[in-house]
Amino acid sequence: MEEYAIRVKQVDKQYKLYDKPVDRLKESLGLSKKKRYKEHYALHDVSFDVKKGETVGIIGTNGSGKSTILKIITGVLNPSKGEVDINGRISALLELGAGFNMEYTGIENVYLNGTMIGFSREEIDTKLQDILDFADIGEFVNQPVKTYSSGMFVRLAFAVAINIDPEILIVDEALSVGDVFFQAKCYKKFEEFKSMGKTILFVSHDLSSISKYCDKVVLLNKGVKMAEGKPKEIVDLYKKVLVHQEDTEFTGEEKTENAGKEDKQLWKGSLSLNPDADVYGSGRAVIEDFSIVNESGDITNIIDKGSKFTIKMRVCFHDTIEAPIFAFAIKNLKGTTITGTNSMYEKIDTGTGKPGQVYEIKYTQVMNLQRGEYLLSLGCTGYERGELTVYHRMYDVCSMTVVSDKITDGFYDLNPVTELKKFS
């Protein structure tokens with residue numbers, strides 16, 4: 001029989017939701033005979049195993065129960081039903097500041113956390129320098145942690161969690177606040193842990209890290225385990241969950257047949273849109289619909305690095321416009337334009353758009369941007385009497401996530417052919 005580090009068996013976590021605080025009070029005092037709450041399952045009948053030495057990722061949309069299951073595994077919460085078996089000493093980094101006393105200094109919190117995990121002061125003494133070297137926050141270790149930035153906070157918390165020699169390491173998205181260099185140091189530590197046969201369980205929205213580091217992935221959806229398996233299979237399924245296509249074979253290409261007709265199900269309805277997008281223009285031409293399509297034909301915000309993808313938009317003209325220009329741009333989260341083009345740059349003759357006419361524009365290319373998060377902007381403009389005229393612009397209209405298990409420097413990947421020769 002294989003040895004398991006964690007076994008989760010048919011776990012439920014149920015909460016009572018009350019419409020009014022007074023309803024909770026009446027029930028707690030036994031003053032109400034009728035049920036005044038609704039039952040909400042944060043988790044329902046969730047089961048999975050983690051073998052010793054495995055790195056397992058848990059993914060899912062917000063509210064799917066990822067953090068709840070980690071809290072149950074670590075004993076922060078009790079399940080409403082089911083059980084969890086743990087075989088090994090756990091070190092957990094669940095939430096920023098969990099287990100820290102804000103009035104204590106960094107050093108004092110190191111000893112506090114170490115004691116809570118079960119170490120003696122003498123054992124913590126032997127590990128202290130390793131913790132301080134990993135955190136690398138200088139003299140701030142002697143200051144109250146309430147004065148720390150979020151980055152300093154997570155550096156110290158992770159340094160404690162990872163340097164107390166756990167058999168099982170559990171991390172919940174906390175690394176997302178660290179800078180890129182600290183994240184690289186943490187993932188290097190992950191690699192060391194894996195090579196030492198340690199068990200790692202972590203929740204992350206970074207699908208690239210999930211794909212690269214995990215041996216297995218568990219997908220939660222609305223509190224239920226939807227699937228588990230190899231990272232690529234589960235990440236691909238998660239992409240469909242994100243755009244509500246998990247139960248359909250619809251690809252997006254099927255909609256192009258009626259480009260000029262009213263379409264009740266718009267492409268953009270399958271994307272994660274930015275509610276704060278900057279949209280403006282004269283309205284003489286309008287971008288009625290748009291999509292990002294992967295090489296499998298699915299509409300999605302998530303594109304695999306190195307794969308072909310298409311940006312499409314459908315523009316309806318409400319006036320006669322000569323030589324309209326159709327554009328897209330991709331920015332990073334800091335607002336820097338990384339790449340983009342338009343029909344004028346591409347030397348496309350767009351002719352004259354007539355009232356009621358619909359154009360469909362496609363840009364197909366290979367995704368060579370680095371893995372990470374980006375924003376897509378779209379536009380329809382033109383020149384009238386030598387002046388640029390904006391008919392419709394949609395800045396930062398939706399997100400784009402590039403997924404890859406390969407890291408290179410800079411904004412994009414040149415995909416070099418690398419050769420090595422050795423001489424005696």
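# Cores, sheets and a helix

Q: Which residues does I59 touch, not counting those up to four places away in sequence?
A: I59 touches K66, S204, L207, I210, V217, V218, L219, L220, I234, V235 and Y238. Contact means heavy atoms within 4.5 Å.

Q: What kind of model is this?
A: This is a predicted model: local features need pLDDT of at least 70, side-chain atom pairs count only at pLDDT 80 or more, and totals for chains, interfaces and linings use all residues. Residues are numbered from 1 along each chain as its sequence is written, and side-chain values use heavy atoms, with hydrogens and water left out.

Q: Back to I59. How many residues are in the largest nonpolar core?
A: That core has 48 residues. I59, L156, F158 and F190 have the most contacts inside it. A nonpolar core is a set of buried Ala, Val, Leu, Ile, Met, Phe, Trp, Tyr and Cys residues joined through side-chain atoms within 4.5 Å. Buried means under 20% relative accessible area, exposed over 50%, and partly exposed in between (1.4 Å probe, protein chains only).

Q: Which helix gives the most to this core?
A: Helix α5, residues 150–163, gives the most, with 10 residues. Helices (H or I, at least four residues) and strands (E, at least two) are DSSP runs, numbered from the N terminus.

Q: How many residues are in the second core?
A: The second, separate core has 34 residues, including F328, Y359, Y363 and M367.

Q: New topic. In what order do the strands of the six-strand sheet run?
A: The order is β5-β6-β7-β3-β8-β9. The sheet is open, and its pairing is mixed. Two strands pair if DSSP finds at least two bridges between them.

Q: Which strands stand at its edges, and why?
A: β5 (90–93) and β9 do. Each has a single partner strand, so one side of each is left without a neighbour in the sheet.

Q: How many bridges join β6 to β7?
A: Five, and the two strands run parallel. V171 has F202 of β7 as its bridge partner.

Q: And how many for β3 and β7?
A: Four bridges, again in the parallel sense. There, I58 is partnered with V203 of β7.

Q: What about β3 and β8?
A: β3 and β8 pair in the parallel sense over four bridges. G57 has V217 of β8 as its bridge partner.

Q: Is β7 covered or open on its faces?
A: Both faces are covered. T199, L201 and V203 are buried on one side, and I200 and F202 on the other.

Q: Which strands does helix α2 lie across?
A: Helix α2 (residues 66–73) lies across β3, β5, β6 (168–172), β7 (199–203) and β8. It runs at about 150° to β6. Axes are lines fitted to C-alpha atoms, for helices over the stretch in contact, and angles run from 0 to 180 degrees between N-to-C directions.

Q: Now helix α8. How far apart are its end C-alpha atoms?
A: They are 16 Å apart. At 1.5 Å a residue, the 12 residues of α8 (231–242) should span 16 Å, which agrees. The expected span is 1.5 Å times one less than the number of residues.

Q: Which residues of α8 are buried?
A: P231, I234, V235, Y238, K239 and V241. They cover an arc of only 160° around the axis, which puts them on the same side of α8. The arc is that of the directions from the helix axis to the C-beta atoms. An α-helix has 3.6 residues a turn, so residues three or four places apart point the same way.

Q: What does that buried side pack against?
A: The buried residues of α8 pack against β3 (55–59), α7 (207–213), β8 (216–221), β9 (224–229) and β12 (302–304). The face turned away from them carries the exposed residues K232 and E233.

Q: Where is S291 found?
A: S291 is in strand β11, residues 285–294. At 1% relative accessibility, S291 counts as buried.

Q: What does S291 contact beyond four places in sequence?
A: S291 is in contact with W267, L271, I299, T310, I311 and K312.

Q: Which sheet does β11 belong to?
A: An open sheet of three strands, in the order β11-β13-β18, with antiparallel pairing. The edge strands are β11 and β18 (358–366), and each pairs on one side only.

Q: How many bridges link β11 and β13?
A: Nine, in the antiparallel sense. N294 stands opposite F309 in β13.
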